[in-house]
Amino acid sequence: MTMVSVLIPVYNVESYLARCIESVLKQDFQDWEMILVDDGSPDDSGAICDEYAKKDARIKVVHKENGGLVSARREGFLRSTGEYLVFLDSDDTLAEGALSVLYNHIVQGYDAVKGRVVRLNGEGQILRVENCKFTKGIIVGEENVVVKIFSGDVLPYLCGSIYSRHIFSVDVFNKSFEANISFGEDWITNLLIAKNTEKMFCVEDITYNYYVNEDSITCSQVVSLDYYNRQDKLLIQEGILDKPFLKNAVKARRLSIFIRSFFIPELGFSLENYKKIRKENYGEVYQLLKQKVDSKFLLFIRCLPLYYLYSRVYCLLFYIKKLHCKSRKILR
């Protein structure tokens with residue numbers, strides 16, 4: 001059996017794909033298989049996949065109709081044989097030595113091992129290393145794993161980590177696919193597999209290079225409150241949001257979504273949601289809320305007229321200076 005399956009969804013990335021594949025080929029750990037899932041790419045990405053498969057028998061290619069990231073990962077999972085799973089996006093790369101670092105830890109008896117992520121620009125210059133509250137050490141027990149993931153104390157990404165195969169099932173991907181989750185799907189997936197995760201280890205090593213692409217889906221659209229409602233519905237169905245130990249964290253997340261929406265030009269201002277925030281303006285929920293929201297979005301929040309004016313001016317300036325008077329797609 002192959003030890004590690006590297007699952008790479010591929011869609012319209014002909015300019016970046018070789019860089020991604022080469023980052024796996026250059027790893028010092030070599031007991032891997034690579035599953036390239038061509039998700040109906042309209043460019044030459046599929047042909048590039050086939051060329052690499054001819055050169056290395058460890059590379060397998062799947063061509064399928066376009067179905068989105070979750071469906072491509074599901075297909076990769078179904079075709080994989082590795083005891084451990086590593087997820088890699090086709091416009092990013094594994095850091096040097098990443099597979100060795102991750103593998104050497106997970107074989108010590110962990111269900112998942114998370115590394116750190118560095119953000120790079122198109123020229124490969126480091127923008128920043130992503131930091132969380134918990135970047136080194138062991139997390140034991142489903143409850144603690146869920147809390148760390150839900151609260152953002154560990155990085156929410158699937159990428160940059162390694163997972164024991166047994167904590168996954170095809171049903172994990174099916175649930176996200178059926179709920180039409182296309183944004184925040186990594187966070188959702190990590191929560192869905194948390195019930196099977198008894199021991200997680202976080203390492204300080206940088207294992208993943210995330211290239212910031214201004215044309216990517218995360219930069220070209222905004223997320224509506226309806227979409228977050230759909231995420232919540234899935235998590236409620238799976239018995240995650242109703243856990244007593246998450247009660248205040250769930251409230252704080254919901255209110256933080258309301259606040260951020262006030263400062264997104266495409267979404268507007270909701271008086272009803274503002275009133276919900278004001279009800280929680282003190283106590284533990286508000287303390288958690290302050291940890292989730294940039295302090296500039298909390299300025300003047302106790303005075304409705306001033307806060308409304310502040311948020312409207314902010315949106316106008318953002319629309320002119322950052323968006324150049326172009327509206328983004330709203331994900332509903």
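The following conversation covers a few residues, the cysteines and the nonpolar cores of a predicted model.

Me: What should I know before I start?
Reply: This is a predicted model, in which local features need pLDDT of at least 70, side-chain atom pairs count only at pLDDT 80 or more, and totals for chains, interfaces and linings use all residues. Residues are numbered from 1 along each chain as its sequence is written, and side-chain values use heavy atoms, with hydrogens and water left out.

Me: Where is S23 found?
Reply: S23 is part of helix 1, which covers residues 17–25. Helices (DSSP runs of H or I, at least four residues) and strands (runs of E, at least two) are numbered from the N terminus.

Me: Is S23 buried or exposed?
Reply: S23 is buried, because its relative accessible area is 9%. Buried means under 20% relative accessible area, exposed means over 50%, and partly exposed is in between, using a 1.4 Å probe and protein chains only.

Me: Which residues does S23 touch?
Reply: Leaving aside residues up to four places away in sequence, S23 touches L88, T93 and L94. Contact here means heavy atoms within 4.5 Å.

Me: On to cysteines. How many disulfides does a search of the whole structure find?
Reply: The search finds zero disulfides. A disulfide is counted when a pair of cysteine sulfur atoms lies within 2.5 Å.

Me: Which residues touch the most other members in the largest nonpolar core?
Reply: They are V4, V6, F87 and F168, in a core of 80 residues. Apart from it lies another core of 17 residues, including A252 and Y286. A nonpolar core is a set of buried Ala, Val, Leu, Ile, Met, Phe, Trp, Tyr and Cys residues joined through side-chain atoms within 4.5 Å.

Me: What does F87 touch?
Reply: Not counting residues up to four places away in sequence, its contacts include C159, F168 and Y208.

Me: Last topic: where does D205 lie?
Reply: D205 lies in strand 10, residues 199–211. With a relative accessibility of 35%, D205 counts as partly exposed.
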